Amino acid sequence: MYIRFAHAGCLLAALSSAAAFAQQSSSVTLYGRVNTTVESQKSGGDRVSALQNNASRWGILGKEDLGAGMKAFFKLESGFDSSTGTTVGGFNRDAYVGLEGGFGRVRLGYITNIVYLAGADYVSLHNHDTGTSADALFAFNVSFGSRPNTVTYSTPEYKGLRAEVSYSFKEDRPSNATNAVVEYKIGDLALGAGFSHSGDNKLGLVRALYSAGPFTFGGYFERDSFNGAMRNNVRLAGMYALGASEFHLNVGHAGNRGGITGTSATQATLAYNYNLSRRTKLYAFYTRLSNQKAADYAAFSSVQPGQSQSSIALGIRHNF
């Protein structure tokens, strides 16, 4: 009788465990964005017509409820060229797995730089910091991009305040990298600050974004050092929304590197968006990147020092 009871107990425990697992939910979501423009691009004295991809992407999000407020999740995201239909190769934008709960959020893998997301990307309003009108002056484009072999920890949000830190192991790269951000939201005001350190390179920034009715204003100030050469970089952005229409203007200026005259640059974009739906928009913009005689920032192609670039574009973006 005792043995039969034990078997029955095991059966009940198994059924109970199965019921508990059945109550846990999981989901996998396919998502993406196709973003393409027809452009007239000018680099130096040369002008060409082009079909331009603007960071089109697709990805997979997964999440499982583990109970007791804890969840497991993953993200796999790959870029592709919407003008040619070719893929960039692998999950080259994000590829990570993690856990989240009352303790916060932990991620491990290939992760977009958290300082870039809290700074330049956050105040990019008209075209999500992509294509020829993307911010060419932010240090992200030099040496603080997405990094492999990264671990991040994000605190729970408390009254609009959150912080996140990341560490990227050196492995096959020149150096380790450390990043930290703090963000605070109060009403219509969103503030942020970040710091990056990778080898001899350092970056610090502060950011703000404020909405007042149909108006949105934002900007960041960045100070960085690359191999000992200091530089200041500032960008201001504004948007006015009227029904389905959005009017955008943003201007950025990077100062001289290490005090060397002629290494500064200015970038400005004037844009119009028309939202056909929550997922689809038509847009147009004019953007210009003006390099001084010794500056070599590039918006959409390699440039020689002192060479400026501009583009007139018409495009469509669809999220799915």
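1. R93 and E77 form a salt bridge, with their closest N and O atoms 2.7 Å apart; the term denotes a side-chain nitrogen of Lys or Arg within 4 Å of a carboxyl oxygen of Asp or Glu. R93 lies in the loop between β5 (86–87) and β6 (94–101), and E77 in strand β4 (residues 70–81), so the pair ties together parts that are 16 residues apart in sequence. Strands (E, at least two residues) and helices (H or I, at least four) are DSSP runs numbered from the N terminus.

2. The structure is a predicted model, in which local features need pLDDT of at least 70 and side-chain atom pairs count only at pLDDT 80 or more, while totals for chains, interfaces and linings use all residues. Residues are numbered from 1 along each chain as its sequence is written, and side-chain values use heavy atoms, with hydrogens and water left out.

3. E77 is buried, at 4% relative accessible area, whereas R93 is partly exposed, at 23%. Buried means under 20% relative accessible area, exposed over 50%, and partly exposed in between (1.4 Å probe, protein chains only).

4. R93 and E77 also belong to a network of salt bridges that links them with R57, K75 and D94. The search of the whole structure finds 13 salt bridges.

5. R105 and E100 meet in a salt bridge of 3.7 Å, N to O. R105 is partly exposed, with 28% relative accessibility.

6. R235 and D135 form a salt bridge, their closest N and O atoms being 3.1 Å apart. This pair links distant parts of the chain, 100 residues apart: R235 is in strand β14 (residues 229–242), and D135 is in the loop between α2 (114–118) and β8 (147–154). Both R235 and D135 are buried.
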